[in-house]
Amino acid sequence: MIHRRLAALAGLVALMLPQVAAAHITATGSGGFTAGFEHPLSGYDHFLAMFAVGLWGAQMGGRQVWQLPMTFPLIMVVGGVIGILGLPLPGIEIGIALSIVVLGLAIAAGWKPYEWVALAIISVFALYHGYAHGAELPLAADPADFAIGFVLATGMIHVIGVGVGLILEPIRGGQLSRGLGAIIAVVGLGFLALALGYLQSQLGFLQGGLSLFGH
């Protein structure tokens, strides 16, 4: 019964993948609190990563239950500032996809590293997620409200992840939590494949353009 539920969840999440085939950083030209709040909720890659942060924190227990969900949004702000300033940060799509894969695998393995290791991992990924948001902020009608909206939504998703983790972790010795982590990692591989495919298409386009100047 449990395996059927996990399989059904995996199928449901897999249906979401085609909607993220396009590049993540887009030019919307409008925004505000509602747009900022909806952005992490409608971006399945962001949602899964932020959910996984909360789930991983609950799995590790102790101070990590609140430290991981608090650290991620703070570092996201730093990434957002980098995005607003237009400073280069290579591999945004790949970094976001890898965050889902790595966090999912960490949960699936029941990995409980040293506190500083866990914080370092989510901080790196938070930079990428924050950058993706920050790159959109200058295009929003009200950047401040947009930022407040997506930070609050991020915190809410973390809380959901923590709640689910605290409920699932005591069941069957944490097997359900680890199973959910495995599903997240598999979906993350789908996002990674899309990101690599997009990168390859961009490189192919660039190479095609350069070939015009060749012999």
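**Reasoning through the labels of a predicted helical model**

Q: Is arginine 172 buried or exposed, and what makes it so?
A: In this predicted model, arginine 172 has a relative accessible area of 57%, and the cut-off for an exposed residue is over 50%, so arginine 172 is called exposed.

Q: Where is the place of arginine 172?
A: Arginine 172 is in the loop between α7 and α8, the latter covering residues 175–211.

Q: What is said of phi in arginine 172?
A: The phi of arginine 172 is near 50 degrees, which is a positive value in a residue other than glycine.

Q: How do you know that the reach of helix α3 is close to what is expected?
A: Helix α3 runs over residues 44–60 and has 17 residues. The expected span is 1.5 Å times one less than the number of residues, which for α3 is given as 24 Å, and the helix reaches 24 Å from its first C-alpha to its last.

Q: Why is α3 called largely enclosed by the rest of the structure?
A: A residue counts as buried when its relative accessible area is under 20%, and 15 of the 17 residues of α3 are buried, so the helix is largely enclosed by the rest of the structure. For the chain as a whole, buried residues make up 43% of the 215 residues.

Q: What makes α3 roughly parallel, roughly perpendicular or oblique to α7?
A: The axes of α3 and α7, the latter covering residues 143–168, come within 7 Å and cross at roughly 45 degrees. Angles under 35 degrees count as roughly parallel and 65 to 115 as roughly perpendicular, and the angle here therefore makes α3 oblique to α7. The crossing of the two helices is right-handed.

Q: Which residues of α3 and α7 meet?
A: Among those in α3 are Phe47, Met50, Phe51 and Gly54, while their partners in α7 include Ile157, His158, Gly161 and Gly165.

Q: What makes up the secondary structure of the chain?
A: The secondary structure comes to eight helices and zero strands, and the pattern read along the sequence is α-α-α-α-α-α-α-α.

Q: How much helix is there in residues 146–168 and in residues 70–88?
A: The unreviewed UniProt entry includes both spans in its annotation "transmembrane region". In the model, residues 146–168 are 100% helix and their end C-alpha atoms lie 33 Å apart, whereas residues 70–88 are 84% helix, with end C-alpha atoms 26 Å apart.

Key
Residues are numbered from 1 along each chain as its sequence is written. This is a predicted model: local features need pLDDT of at least 70, side-chain atom pairs count only at pLDDT 80 or more; totals for chains, interfaces and linings use all residues. Side-chain values use heavy atoms; hydrogens and water are left out. UniProt positions are given in the numbering used here, feature names are shortened, and annotations may be inferred rather than shown by experiment. Helices (H or I, at least four residues) and strands (E, at least two) are DSSP runs, numbered from the N terminus. Buried means under 20% relative accessible area, exposed over 50%, partly exposed in between (1.4 Å probe, protein chains only). Axes are lines fitted to C-alpha atoms, for helices over the stretch in contact, and angles run from 0 to 180 degrees between N-to-C directions. Angles under 35 degrees count as roughly parallel, over 145 as roughly antiparallel, 65 to 115 as roughly perpendicular and the rest as oblique. A crossing is left-handed if the near helix is turned anticlockwise from the far one by less than a right angle, and right-handed if clockwise. Contact means heavy atoms within 4.5 Å.
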